[in-house]
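Look over the sequence and the model, then read the points by topic.

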Amino acid sequence: MFQCDKCGECCRHLNLSSLYHFLDRGDGVCRYLSGNLCTVYEKRPLLCRVDESYEAYFRESMTKNDYYELNYKACDKIKTKNK
Ligand code: SF4
Ligand code: SF4
């Protein structure tokens, strides 16, 4: 399972991908974010679910390990951006 540390940074940078515009409150932050946590976690969109998105969109094109690596790199990049 993907290891998310719940930093909330991806939910504060939705402007980095047009796929998430429908969640953007206007400044890149998700309308459902409170502090670092998702207020609709149990009902969050498929695009916010790392493991389920793999099964739905990436399973045919890469291994799960490669997919995780890409995600961990994206997390690191977004976290470093704010330092
Ligand atoms: S940036 Fe990565 S570690 Fe932080 S909340 Fe998002 S998925 Fe989790
Ligand atoms: S719906 Fe939840 S998990 Fe998805 S971007 Fe918004 S706060 Fe983050």
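This is a predicted model: local features need pLDDT of at least 70, side-chain atom pairs count only at pLDDT 80 or more; totals for chains, interfaces and linings use all residues.

The protein chain averages a pLDDT of 95. Its elements run β-β-α-α from the N terminus on.

**Confidence**

- In the protein chain, 98% of the residues score at least 70 in pLDDT.
- Strand E1, residues 33–34, has the highest confidence, at 98.
- Helix H2 has the lowest, at a mean of 94.

**Overall fold**

- The protein chain holds two helices and two strands.
- Its radius of gyration is 13 Å, close to the 12 Å that the globule rule gives for 83 residues, so the chain is as compact as a globular protein of that length.
- Along the principal axes, the C-alpha atoms fill a box of roughly 35 × 30 × 20 Å.
- Of the 83 residues, 5% count as buried.
- Take the contacts with a separation of 6 or more: 41% of them join residues 24 or more positions apart.

**Helix H2**

- Helix H2 covers residues 64–81, which makes 18 residues.
- At 1.5 Å a residue, H2 should span 26 Å, and its end C-alpha atoms are 26 Å apart, so the two values agree.
- Alanine 74 counts as partly exposed because it has 15 C-beta neighbours inside 10 Å; a residue needs 20 or more to be buried.
- Alanine 74 and cysteine 10 are 64 residues apart along the chain, yet their C-alpha atoms are separated by 8.8 Å.

**Around ligand 1**

- The shell of ligand 1 includes the run Cys4, Asp5, Lys6, Cys7, Gly8, Glu9 and Cys10.
- Cys75 and Ile78 are also among the residues around ligand 1.
- This shell divides into five nonpolar residues, one polar and three charged.

**Around ligand 2**

- Ligand 2 is surrounded by residues that include four cysteines: Cys11, Cys30, Cys38 and Cys48.
- Leu23, Tyr32, Leu33, Val40, Arg44 and Pro45 also belong to the surroundings of ligand 2.
- Which classes make up the shell around ligand 2: nonpolar, polar or charged? The shell divides into nine nonpolar residues, no polar and one charged.

How values were computed. Residues are numbered from 1 along each chain as its sequence is written. Chains are lettered from A and ligands numbered from 1 in the order in which they are written. A residue is near a molecule or strand if its C-beta atom, placed from the backbone, lies within 6 Å of it. Ala, Val, Leu, Ile, Met, Phe, Trp, Tyr, Cys and Pro count as nonpolar, Asp, Glu, Lys and Arg as charged, and the others, Gly among them, as polar. Helices (H or I, at least four residues) and strands (E, at least two) are DSSP runs, numbered from the N terminus. The expected span of a helix is 1.5 Å times one less than its number of residues. A residue is buried if 20 or more other C-beta atoms lie within 10 Å of its own, exposed if 12 or fewer, and partly exposed in between; C-beta atoms are placed from the backbone. The radius of gyration is taken over C-alpha atoms; the globule rule is 2.2 Å times the number of residues to the power 0.38. Two residues are in contact if their C-beta atoms, placed from the backbone, lie within 7 Å. pLDDT is the predictor's confidence in each residue, from 0 to 100.
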